[in-house]
Each structure stands twice: as structure tokens, then as C-alpha cells.
Amino acid sequence: MIVASSPLRISLAGGSTDLDDFVQENGHGSVISFASNLRTYISLHADVLGINRLKNNYVINYSEREEEPNLKDIKNDVARVVLEYFSCGPVCCSFTSDVFSSGSGLASSSSYLVSFIKAVSVHQNIRLSDFEVCKLALELEKQFNPLTGQQDPYGCGIGSLKKFTFYSDAGPTVNYLSQDLFNKLDMYLLFTDIRRSSTAVLKEVKKKGITDRLPLLTIVNDTEQSIIKADKLSFYECIKEGWDIKKRTSPMVVANPDLVELDLLLATDPSVKAHRLCGAGNGGFFLLFAEKGDKLGKNITSLKKPLIKVKISEDGVRGVGL
């Protein structure tokens, strides 16, 4: 049995400057994100005398169960592209996650891909570095989701807090950042209970070109400096400004009326020092920042929506044989 795991990534600044259209036209994009303590998991094994060996079938367990003799007939995109790439024989595999994964804004598809690649590489005794796993995950995800951001697999598979810079003519670079600032504050994920397709949002963002996204690069640089200086007030302002700019890139980012109402509630609650929506927008999780040890306001805790305290994880992708 192989068990592999990868963090879900949380982006702080620069999201959508990592899209191919922006990187190609501007020459580079840049994102600050961290690997969270919330993860996806893949378990994988080939049975000794059962469905895999007798029936020669693949078994894929997620929100559905698939049992297929042919790789090309597997509906789960993640499982299909990875198993095809490695020419993997029949196996049983299961997908699980710490949080709601579909439409979360936490790059769950990329996290699952990174986990799955790690599991199969361990299964086949293939040595891949974490960067190689992430690079392959990006290539494979583009087969079924061409609008995948470059930050997604790298943000999931590489642990810690970091700034990525993506180039049109070279691989990404990573600059690891101090976490001292984050010892002074608490972070929460608030589930909006609104699910959306990131592809639909990103299509609208892409239609407008890159002009509205250019200011996000300035926010990335300002956010980096506030983290380096461990300046909370400056950091909160960067998060607020970045979120305001993000909303202007497309009306689709906050198209849902319930989302608009929740955004206003968070903006006017004094216990929330800054907030932003994770991922492309229009659903998923809000990321909230509060002073260390302070309680969130009753307007928030009484919403009866899942609220999770989240931390930065030093670990990236991991995989072991049991």
C-alpha cells in the first residue's frame, strides 16, 4: 500500500498573474502563497488476487466508484492522466481530503494530482524531486484544464511560505519567506457554502486582457516587504488592496449576491483585520486574518458556516510505502 499526501495551497497575493496569457504577454508573473496544514490524500495498491489481478480492472474511489478495464475509460481526470503517463497497470486507489475540495479555491485538483503522481512514482520506484512532481502535475492538469494557474501545483507540492516568480522562457524560481509575521496573527478559512467553476471565472478574467492584473504585481512586492519586516498593519493593507484589485479584474469574481453580502459583513466586522476570497473567486473559502488570540465577532461565528483555523505547513508532498 502506498499513501501520498500534498497540502492545499492558500494564495496571499498575485493570483491570476500566473496564468499563461499574463506570463507570456508580460514576461513574468509572481505569486505569494503558502502550503497549508490541510491536505489531500491518495492511497494506492495492486491486489494480490482480486479485482486488479483476476479481472484486470482499475478501481478508482472518490465521490463515485469506478471499475474499468481500460485507462481511457476512467472518468476521474486526475487518475486517468497520471496512470496513462506512467503506463501503470491495474491498481486500486482512493481520494480523500481534509476539507471540501470541489470548487474550494484551494487548488484541490492540483493537490490531488501532486499526491497521485507521488503515489505512482513510489509504487513504480521512480525517483522524482518535489519540483519535478510539481512540473509534471502542471503539464498533466493542462490536458483537462487549460486554464490551470502555474502557482497551483507548485504552491501545493512545495512546503512553507514562499514567493514564486513564473517566466515565459524559463522555469519558476522560489524565494522562501520568514514566517515571523504569522506568529502575530491568526488565520481562518470560512466556507461560503457556494461552489463554482474556477474555469468559468478565469475565462472572464482572461477576456479582459492583462491590464487590470498588472497592479497585482505591485501588491506582490509590497506584501513581500511587509512579510520581511513582519509589519502587520502594512500586511493587512496589502491583503485588502489586493482583494479590491482582484474584484475589479472581472464581475464574475463576486457575482453571487450571497457572496457580496458576506464580503460586506467581513469588511465591516472589527475582529477581521483583512480578508480575501481564495482562488479564482465567486465561491469557495474566504481567508480571514485576526489578531493573535482574539475571538471573531458574533456576526461571523453565528453564520453557521464551517470555520477552520489554518496554519502554514513546512511539509510539501510526501509519499510512503506501507
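The model is predicted. The structure holds zero disulfides.

**The sheet**

- With 17 residues, α8 reaches 25 Å from its first C-alpha to its last, which is close to the 24 Å expected at 1.5 Å a residue.
- The buried residues of α8 are Phe 235, Tyr 236, Cys 238, Ile 239, Gly 242, Trp 243, Ile 245 and Lys 246, and they pack against β1, β8, α7 (215-228), α9, β9 and β10.
- In an α-helix there are 3.6 residues a turn, so residues three or four places apart point the same way.
- At the start of α8, a side-chain oxygen of Asp 231 reaches to within 3.3 Å of the backbone nitrogen of Leu 233.

**Helix α7**

- Helix α7 has 14 residues and spans 20 Å from its first C-alpha to its last, close to the 20 Å expected at 1.5 Å a residue.
- Its buried residues are Leu 216, Leu 217, Ile 219, Val 220, Thr 223, Glu 224, Ser 226 and Ile 227, and what covers them includes β1, α1, β2 (28-45), β6 (161-167), β7 (173-176) and α8.
- Just after α7, Ala 230 takes a positive phi of about 55°.

**Further residues with positive phi**

- Most residues other than glycine have a negative phi, which gives the background for the two residues below.
- Ser 16, in the loop between β1 (2-13) and α1 (20-26), has a phi near 90°, a positive value in a residue other than glycine.
- Ser 16 counts as buried because its relative accessibility is 5%, and, leaving aside neighbours within four places in sequence, Ser 16 is in contact with Phe 22, Arg 213, Leu 216 and Lys 246; of these, Leu 216 is one of the buried residues of α7 and Lys 246 is one of the buried residues of α8.
- The C-alpha atoms of Ser 16 and Val 120, which are 104 residues apart along the chain, are separated by 30 Å.
- Asp 193, placed in the loop between β8 and α6 (198-207), has a positive phi of about 65° although it is not a glycine, and at 56% relative accessibility Asp 193 counts as exposed.

**Ser 5 in strand β1**

- Ser 5 has its place in strand β1 and counts as buried, at 9% relative accessibility.
- The side chain of Ser 5 makes a polar contact with the side chain of Arg 39 at 2.6 Å, and also reaches the backbone oxygen of Thr 40 at 3.2 Å.
- Not counting residues up to four places away in sequence, Ser 5 touches Arg 39, Thr 40, Tyr 41, Ser 115, Gly 316, Val 317 and Arg 318.

**Cysteines**

- The structure holds zero disulfides; Cys 92 is in no disulfide, and the nearest cysteine sulfur, that of Cys 93, is 7.8 Å away.
- Cys 238 is likewise in no disulfide, its nearest cysteine sulfur, that of Cys 278, being 17 Å away.
- Cys 92 is buried, with a relative accessible area of 15%, and Cys 238, one of the buried residues of α8, has a relative accessibility of 7%.

Terms used:
Residues are numbered from 1 along each chain as its sequence is written. This is a predicted model: local features need pLDDT of at least 70, side-chain atom pairs count only at pLDDT 80 or more; totals for chains, interfaces and linings use all residues. Side-chain values use heavy atoms; hydrogens and water are left out. Helices (H or I, at least four residues) and strands (E, at least two) are DSSP runs, numbered from the N terminus. Buried means under 20% relative accessible area, exposed over 50%, partly exposed in between (1.4 Å probe, protein chains only). Contact means heavy atoms within 4.5 Å. A disulfide is a pair of cysteine sulfur atoms within 2.5 Å. The expected span of a helix is 1.5 Å times one less than its number of residues. A polar contact is a pair of N or O atoms within 3.5 Å; within protein, one must be able to donate a hydrogen and the other to accept it, and residues adjacent in sequence count only if both atoms are side-chain atoms.
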